[in-house]
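Take a look at the model below before reading on.

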Amino acid sequence: MPTLIKNANEVITLKGDRKGPRTKEAMKEIGIIKNGSILIDQDQIVAVGTLEEIQREHPQLAMDAEVIDAAGKIVMPGLVDCHTHLVHGGTRENEFNMRLNGFTYMEIMNAGGGIHSTTKSTRQASFEDLYEKTFNHLNEFLKYGVTTVEAKSGYGLDWENEKKQLEVAKKLQETHVIDIVSTFMGAHAVPIDYKGREDEFVDIIINQMLPKVAEENLAEFNDVFCEKGVFTPEQSRKILEVGKLYGLTPKIHADEIEPYEGAELAAEVGAISAEHLLVASDEGIRKMAEAGTIAVLLPGTAFFLRAPFARGRLMIDEGVPVAISTDFNPGSSPTISLPFIMNLACMNMGLTLEEVLTATTVNAAYAINRGDQIGSLEKGKKADILVLNVANYKQLQYYYGMNHTHIVVKNGKVVLKDGVFQ
């Protein structure tokens, strides 16, 4: 049965004049239709406009449709969380306490904590344990209006456990309503037993892991943590270039803790995105703008680590397409609230109310190569739609720290209403 969402105060379409991620002033163009409506048939959007326009253009479908009255509310695309470490074992609240007592992220990691701690927990967890835990996390994402999630591996650091993470994500793509896009990140850290033999581990990633990821079709993207004390720019380049030979699109954790030419490398290897970028150089930002590399900024990580925020305002002004994500992970950003992350981006990175909407919908979709399918409300796109309990889009960030989700429509079906799964 078709569905008609009608009479919304505002329909935020995010429709743009051109394809591709939005930059500069185009990030402020969010395509508002006052008193708008949307007609859905099966899993696709059929029409977006006023109720009168839709009834005139599609009289039979509109007449047969199940009606959702959005009067007094706004409607927008489902949120896209384009950078998460979704599948993982354990928690790290003890490290949070350590940081509050003066320890740095890298000090904790070098002492066997950080990524190494989660690697240990993930290796010990069964497939079933990881599946159940991640399924519950996805339910929470859905409650906050997230309809597509990118999921990185990287807490296995050997093939058996990297594969386990990727297979959990693959199974969840089949069983959970949220769409999951997988990224291989075997180069998340150097295992403790390879300290001093980092190049050997790089060779294992290149010669053993990457071919198997491609052969078993476990991921679309290949990510690496290019950071001092983790992987050098030279090692990162090698991993990303070889990944390209296996059909894996490059992503890169870049310039998170120290300036390390990660942004420059992202542009040079043709990465679809560079992520974190808290201390990216002016030259790196310029090169990313020239290359069209999307900056996936993670304000929750800076907030939780009490670190300087990435220069989102400068990046947009320089022409870098910007996306925003939670970076959900157990160590540096244990949150699934993308709406709260959006508020952090406005308050601490200088993004406008309009830019942060673009950054979590259409630009986030392009950061995971889904921009032609999701991220805006347009005819022919997937019907991933939110109905929100606010009177206009400005109230989304004005009423901060709150969940405004009333209805979530995923693939054309109502899957959540007032926090209750349908």
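## One serine and its neighbours

Let's begin with Ser-332, which touches Tyr-105, Gly-300, Thr-301, Phe-304, Leu-305 and Asp-327, leaving out residues up to four places away in sequence. Contact here means heavy atoms within 4.5 Å. You'll find Ser-332 in the loop between strand S13 (322-324) and helix H14 (338-349). Helices (H or I, at least four residues) and strands (E, at least two) are DSSP runs, numbered from the N terminus.

Is Ser-332 buried or exposed? Its relative accessibility is 5%, so Ser-332 counts as buried. The cut-offs: buried is under 20% relative accessible area, exposed is over 50%, and partly exposed is in between, using a 1.4 Å probe and protein chains only.

## About the model

This is a predicted model, where local features need pLDDT of at least 70 and side-chain atom pairs count only at pLDDT 80 or more, while totals for chains, interfaces and linings use all residues. Residues are numbered from 1 along each chain as its sequence is written, and side-chain values use heavy atoms, with hydrogens and water left out.

## Strand S5 and its partners

Strand S5 (residues 74-77) runs parallel to strand S1 (residues 3-12), and two bridges join them. Strands pair if DSSP finds at least two bridges between them. Across this pairing, Glu-10 sits opposite Ile-74 in S5.

S5 also pairs with strand S14 (residues 385-388), this time in the antiparallel sense, over four bridges. Here Val-75 has Val-387 in S14 as its bridge partner.

## Helix H9 between two contacts

Two packed helices are described by the angle between their axes and the distance between the axes. Helix H8 (residues 198-215) packs against H9 at about 5°, with the axes 10 Å apart. Axes are lines fitted to C-alpha atoms, for helices over the stretch in contact, and angles run from 0 to 180 degrees between N-to-C directions.

What about H9 (residues 233-245) and helix H10 (residues 262-269), and what is their angle? They pack at about 25°, with axes 11 Å apart, and are therefore roughly parallel too. The residues making this contact include Leu-240 and Lys-244 of H9 and Leu-265 of H10.

Terms used:
Parallel < 35°, antiparallel > 145°, perpendicular 65-115°, else oblique.
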